[in-house]
Every structure is written in C-alpha cells, then in structure tokens.
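Subject: A structure for you to look at

Hello,

I am passing a structure on to you, with some notes to read beside it. Please have a look at it first, and then read on.

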Amino acid sequence: GYKKLPSPLQSGISNFLSNLRAPLVVVNQLLQGQGENAIESTGRFLVNSTVGVFGLFDVADNMGLE
C-alpha cells in the first residue's frame, strides 16, 4: 500500500522514520568519537522535530545542516 501513496506523503513518512533513527545515529557517532558529527545530527533532529513537525518535513536540509 505504501507504493500507492502520493509522492509527498511517501517523502513525509520517510522523513519521519529517518528522524526517529536520529538519536541512535547520535549515540553511534559519540561512541565512535565523532563529536562534531554528533552535534550536527543532534541539531538536525531538534530542528526537524520542532519546525519540521515531528520530522515530517526535512527543514534542516533547507537550512544547510547535512
């Protein structure tokens, strides 16, 4: 059924699920000693969780956060 959804809805779901994984990515980056990447990932998570409506929209990408 997912493939039958309109493209914007598929993107929103994908963004939401990626945002849910972000805290695990941050922990992984910290354990690998990648402090700068962990800070940037935390920033993406916070921006997308608030301004991006729980991660449905990838606002952080538009702001230049990779």
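Before the rest, a word on the source. This is a predicted model, in which local features need pLDDT of at least 70 and side-chain atom pairs count only at pLDDT 80 or more, while totals for chains, interfaces and linings use all residues. Residues are numbered from 1 along each chain as its sequence is written, and side-chain values use heavy atoms, with hydrogens and water left out.

Confidence comes next. Mean pLDDT (the predictor's confidence in each residue, from 0 to 100) is 92 for the protein chain, and 100% of the residues reach 70 or more. Helix α1 (residues 7-31) has the highest confidence, at 94, and helix α3 (residues 59-62) the lowest, at a mean of 86.

Now the overall build. The protein chain has 3 helices and 0 strands, in the order α-α-α along the sequence (helices are DSSP runs of H or I with at least four residues, strands are runs of E with at least two, and both are numbered from the N terminus). Its C-alpha atoms fill a box of roughly 40 × 25 × 15 Å along the principal axes. Of its 66 residues, 24% count as buried (under 20% relative accessible area; exposed is over 50%, and partly exposed is in between, with a 1.4 Å probe and protein chains only).

Two residues are worth a visit. Tyr2 lies in the segment before α1 and counts as partly exposed because its relative accessibility is 40%. Beyond residues up to four places away in sequence, Tyr2 touches Gln10, Ile13 and Ser14 (contact means heavy atoms within 4.5 Å). From Tyr2 to Ser14 the C-alpha distance is 11 Å, across 12 residues of sequence.

Ser49 sits in helix α2 (residues 35-50). Setting aside neighbours within four places in sequence, Ser49 is in contact with Asn19, Phe54 and Gly55. The side chains of Ser49 and Asn19 are also joined by a polar contact of 2.9 Å (a pair of N or O atoms within 3.5 Å; within protein, one must be able to donate a hydrogen and the other to accept it, and residues adjacent in sequence count only if both atoms are side-chain atoms).

Best wishes
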